[in-house]
Amino acid sequence: MPATDARERGIGELVKDLASQTSTLVRQEIQLAQAEVTQKGKVAGKGAGLLVGAAVFGLLALGALTAGLIALLDKAMATWVAALIVMALWAIVALVLAKAGQKSLQQATPPVPQTVETLKEDIQWAKTQTGSAQT
């Protein structure tokens with residue numbers, strides 16, 4: 001007759017059940033995370049596609065603006081000088097955007113160091129709970 005009360009069961013059987021339940025819990029959490037990431041990925045993919053389309057049309061608009069600026073400046077100077085001025089304008093805009101993006105990327109740190117620290121804390125906590133911590 002199997003023991004149903006945890007107080008009547010042996011330590012080996014309790015540890016086996018704990019390991020089994022922990023394994024099941026971890027598997028279920030991983031499956032949940034995978035499902036959430038898959039769903040978010042689909043939404044993000046659609047958003048990324050729309051942003052690419054917007055970028056293409058924005059580039060077309062920028063080309064038209066460039067042609068318009070060159071045509072406007074062409075009335076006051078040679079065409080090649082007007083094109084050079086417009087190119088310099090876009091180069092300055094690109095430089096400012098690149099520097100801002102570089103600064104933003106340098107400030108962004110991946111969450112890995114925090115995760116490693118949290119895992120170390122979890123391991124230390126688990127050791128103290130099982131009595132295997134060094135004293």
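**Exercise 1. Which pattern does the protein follow, read along the sequence?**

Solution. The structure is a predicted model, in which local features need pLDDT of at least 70, side-chain atom pairs count only at pLDDT 80 or more, and totals for chains, interfaces and linings use all residues. Residues are numbered from 1 along each chain as its sequence is written, and side-chain values use heavy atoms, with hydrogens and water left out.

Step 1. Take helices (H or I, at least four residues) and strands (E, at least two) as DSSP runs, numbered from the N terminus.
Step 2. The protein has 3 helices and 0 strands.
Step 3. The pattern along the sequence is therefore α-α-α.

**Exercise 2. State which helix has the highest mean pLDDT and which the lowest.**

Solution. Step 1. pLDDT is the predictor's confidence in each residue, from 0 to 100. Its average over the protein is 83, and 84% of the residues score at least 70.
Step 1. Among the elements, helix α2 (residues 79-107) has the highest mean, 92, and helix α3 (residues 112-130) the lowest, 72.

**Exercise 3. Find the contacts of threonine 66, leaving aside neighbours within four places in sequence.**

Solution. With contact meaning heavy atoms within 4.5 Å, threonine 66 is in contact with Val86 and Trp90.
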